[in-house]
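Q: Please take a close look at one part of this model, the interface between its two chains. Which elements and residues build it, and how are the elements on one side paired?

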There are 2 protein chains.
Amino acid sequence: MNKEVLKEIELSQVKIVDEFWSDRQTLITDTVIPYQERILDDKVEGVEKSHAFANFRIAAGLEEGEFYGMVFQDSDVAKWLEAVAYSLSIKPDADLENRADEIIDIIEKAQQPDGYLNTYFTIKEPDKRWTNLHACHELYCAGHMMEAAVAYYQVTGKDKLLNVMERMSDHIEKHFVTEEREGIPGHQEIEIGLMRMYHATGKEKFFKLAKHFIDERGKDPSYFLREDENRGWKHDIMDPHNTKYNQSYAPVREQKTAEGHSVRAVYMYTAMADIASVNGDKELIEACKAIWDNIVNKRMYITGGIGSNFEGEAFTIDYDLPNDSVYAETCASVGLIFFAKKMLDIHPSSSYADVMELALYNGVLSGMQLDGKRFFYVNPLEVNPEISGKLFGYKHVLPERPGWYECACCPPNVARLLTSLGQYIWSESLDTVYSHLFIGGTSKLDLATITLDSKFPWEGNMTYTINPTGAKSEFALAIRIPSYAKEFKILLNGTEYTDKLDIRDGYCYINREWQDGDSVQLLFDMPVRRMYTNTLVRSNIGCVALMRGPIVYCFEGIDNGDNIQELRVRKDEDIIIGDYDPELLSGIVPLKVKGSRIYANDSLYFEGEFSHKEEMLTAIPYYAWGNRGLTQMRVWMHEV
Amino acid sequence: MNKEVLKEIELSQVKIVDEFWSDRQTLITDTVIPYQERILDDKVEGVEKSHAFANFRIAAGLEEGEFYGMVFQDSDVAKWLEAVAYSLSIKPDADLENRADEIIDIIEKAQQPDGYLNTYFTIKEPDKRWTNLHACHELYCAGHMMEAAVAYYQVTGKDKLLNVMERMSDHIEKHFVTEEREGIPGHQEIEIGLMRMYHATGKEKFFKLAKHFIDERGKDPSYFLREDENRGWKHDIMDPHNTKYNQSYAPVREQKTAEGHSVRAVYMYTAMADIASVNGDKELIEACKAIWDNIVNKRMYITGGIGSNFEGEAFTIDYDLPNDSVYAETCASVGLIFFAKKMLDIHPSSSYADVMELALYNGVLSGMQLDGKRFFYVNPLEVNPEISGKLFGYKHVLPERPGWYECACCPPNVARLLTSLGQYIWSESLDTVYSHLFIGGTSKLDLATITLDSKFPWEGNMTYTINPTGAKSEFALAIRIPSYAKEFKILLNGTEYTDKLDIRDGYCYINREWQDGDSVQLLFDMPVRRMYTNTLVRSNIGCVALMRGPIVYCFEGIDNGDNIQELRVRKDEDIIIGDYDPELLSGIVPLKVKGSRIYANDSLYFEGEFSHKEEMLTAIPYYAWGNRGLTQMRVWMHEV
């Protein structure tokens, strides 16, 4: 392990107690996970059939039947199991753990004698294993199951699934490394899974195999084309010439821009950063930095959404960020958080943590209905119900969250992220505790047990109570000062701490010999910020978006009347920050601002002037949009 | 014939001599028609293969081979022949006429003994005639060939093709009427063809058959579904459930909005208006008026483009008029002109003629490169070359005109419209000559020979010199006063004519006993108009379009620098009308206006202000865009 790299915190170290997040975690543990379990077991009516558990039972020989679902259906079980593990760390549940153990037993039985595990090929195409890496997701599913195995092992101490996946990893290593067969995953994910196996067990073989796939990728951009020609059969219509789609167009160390399918991309960047954090590979770090800069400075929605185009669910070109024909898959924002966290641990800089926070509070949260029962795959910044979800170019942009998807990657991805949120709040080095996210609770870190009290994201007032473990007498608490906190105050045991504020890369380092019960308070104003966009983003010209802290706001028709495109936020008017309303949209701080509505006559085209009518406009947090029925929505509002 | 309906002028009556149009007609006669002839005969390299002539030679038994091309490939030959006929009226050409005669001989040979004519079915599927009206375009092709037959007969006096198509009409009548087989065309056009056969020959049977198809349409919206089920084979993936696509969702007299495929729609509306003009069918007229109002007041681009959506090349919903993902097929604007002219002849109102003129000078002309060698199918109002034609949602929006299309409907449609322009300039009733379009030349009408001198569309100064034929001593000259001529003057023999100006529905009626050489001069200013859009059109909020007379202007990157979305036209600055430049874009009047370019920093999102830089902006006529290489273009410009 590279010594400069921060240590990730284990979930068992963190107990979240937070007004904003605890309820959301409870929603996942009490609603989402049981709901997803019933879906995976085909017990919910009126949603897309899953069959994911059944596939494992069939592959295990416990049940007769046919494989059903996407070729990567196994990964839904893996992501659910991973979320179950995290859930058990939040809220122990013996029944749930028993049921998870039973599923793991079935998975073990579905594993083939040689270690191979994949229900699609085992049931349907046993002779075609490893011949269609391009489209058939075997390595992808293995990666997710490895993540589940590690999570389940770390939370419960049970290693059955970990052992299953070690055998699968050995099988993969034999096939691709020992027996020197060419091949890279068509959808990256195995690299993350292997790196987690490595971190959990310390076994070098997992690291080497992860690095093998990263190193091989793009060495020969014609790999998938050759695979396609040799194979002679197709699974779907994926074009092996489109090497940008799966980032195999160039060796990863030569990639400087975010290209292709956004989820594949960020999963790969996450693994690249993780590998670099272990071996200090400078070229890999430089590639990660270049790609990171390209994403956040040229290809990211203000919500932390990435991958703007429906075709290929993909990154396109710099500044192509349409609001209404957007893609911005929930999973891609989840993956951006993974990538941000790995970058942050290589180099603690608020530029990574700010984006991690942005994606979490906006692009990811918007993916889930407030009741935890419906999910967005696509996260638009403008919705017009008469068009969105209906007309060509907008059919993928649903104006309301559906219950489940045939390709159900997003809901379990949200579930596993939110239940593992404890891993994103802190990092630790030998002499510093880093506070990345202002999520309340108590964390038992190596250097100290720290309790964080906050009403974030509604108030900029965080109190850290520190109880050193005694491992070290002197250490630093490094608190992220978010870019939106333009002025801030730090109180140490109630007294303003002004001497030699040590701020580096957006973290304020408070270094001292800590006493039991020492308190540090971070205070900053959270005025509403009027955000504007680079003029190269055509769709946002003349428009403003409102943010407060990390929260992006939006305007819905239900609050502001029909045809919100007619509304213009007044530039010369103050924006009124409403009182926190616990009843509204599960508890939000709404905004009010004077605006004007333009109107003219009934003509389609005319000469002459528009009239203006003053209206008080209401904005709500973007993540909470679409929770009150079918209505228009805009993040970017005309400003005058 | 309904006596109130105006008489259409025959092409032979009109000789166009006009600075703007004569050159364009020469372009069609000297460049487009010979180019299209070579394409139809597969003699042009590097463009989509046509094979349209070859199909007829094969069907005629003159050549061995297979059918190639779209199922409606025959219509390309028909539209070309129709344009050839018009071309011969403009510029006699014995060689061209001989070649056309030869093609007509081949067409006659391709006709089957029972009168049937269609190369696709004759060559490929002789047993499947008339079983797929939904997708296979037999009636559509017949309609176009009837139009060609009438045009060729009217210009050359030769009736061979007319007789061929009368036999085809008789065959159709026998099949669908006498033998009472259900059926309506999947693509309307036969109705127009039959009405032209009726007007040219006076034979009632053509009128009745046209009316039959109009009356049958939509009586049973499940017709195409039933046809599909009975047939048991498909030609393409057209969905028989989509009854709006081909306007079979309701009886035509009950249709109140423009729906579905826009070319099918306007062809049908044209025939509806034509039929109503003959029999005075009030319900049909009311339906036409309602649909007209819906199009021009809610579903038409400012350029006269219609059909805003790629999927189905279709009308969508009111006010859905995106500029950059637009469809606005050239053919649809051509068809809108057909529809407008029929409405105008039922009731002379400038509301029809204004739109006819608008579509002609903008949406149609933009379809053709200034050199006559390249054509647009789709006519966008905003083009961004890094996206348009490349990314999902914009792939159909090409930023430069290609040479030819696999589905080559638009180029010959432009050719036949521009060569038959003489039919759109005037109408006549028993006591009035109507001047609809300000296109110069000499026209031998029933009441008078009139010479019109004008430099339209660049100057609002039209001089009519009238030489009565003596058919009637007193009659009216009714000159359209376009809606943009807010103040106008009429001089009669050089003296202002102010007494009792008789203006009805946008036409100024000058009624008198005319003397040889009487002159009427119409004078109006053509200031630049700043046009705005109904606020229900989301994409145009905050934007202005410039028009002068009928000409819509646009801004290109080549004149205004990169990133024209950053430019804002200054509301408080006069727009400078440039001098007519005969060298620029085949002769245009450019516009100049002060504007400002906004800029800020390199950030993607930021707080703070934009800076502004004054720039002089240049606008050119929309029809001339895309003639100077790949460049950005916008009609709707931000205004400040």
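A: A polar contact is here a pair of N or O atoms within 3.5 Å; within protein, one must be able to donate a hydrogen and the other to accept it, and residues adjacent in sequence count only if both atoms are side-chain atoms. In this predicted model, 22 residue pairs are in polar contact between chain B and chain A, both residues being at pLDDT 80 or more. Helix 12 (282-298), strand 15 (528-533), strand 20 and strand 21 (605-606) of chain B each supply at least two residues of the side that touches chain A. Strand 15 of chain B gives the most to that side, with five residues.

The rule finds 10 salt bridges across the interface of chain B and chain A. One of them links B:Glu311 to A:Lys395, with the closest N and O atoms 2.6 Å apart.

In terms of contact, 58 residues of chain B meet 58 residues of chain A. About 4700 Å² is buried between the two chains, and carbon and sulfur atoms give 59% of this area. On the side of chain B, B:Phe392, B:Arg538 and B:Tyr605 lose the most area to chain A, together 18% of what that side buries.

Strand 20 (residues 591-599) of chain B is also antiparallel to strand 18 (residues 567-569), joined by three bridges, and B:Val569 stands opposite B:Gly595. Strand 19 (residues 575-577) of chain B pairs with strand 20 in the antiparallel sense over three bridges, with B:Leu591 as the bridge partner of B:Ile577. Nine bridges connect strand 20 with strand 22 (residues 611-621) of chain B, again antiparallel; there, B:Val593 has B:Leu617 as its bridge partner.

Key
Residues numbered from 1 in each chain as written. Chains lettered and ligands numbered in written order. Predicted model: local features only at pLDDT ≥ 70, side-chain atom pairs only at ≥ 80, totals over all residues. Heavy atoms only, no water. Pairing = 2+ DSSP bridges. Helix = DSSP H or I, 4+ residues; strand = E, 2+ residues; numbered from the N terminus. Contact = heavy atoms within 4.5 Å. Buried area = accessible area lost by both parts, 1.4 Å probe. Salt bridge = Lys/Arg side-chain N within 4 Å of Asp/Glu carboxyl O.
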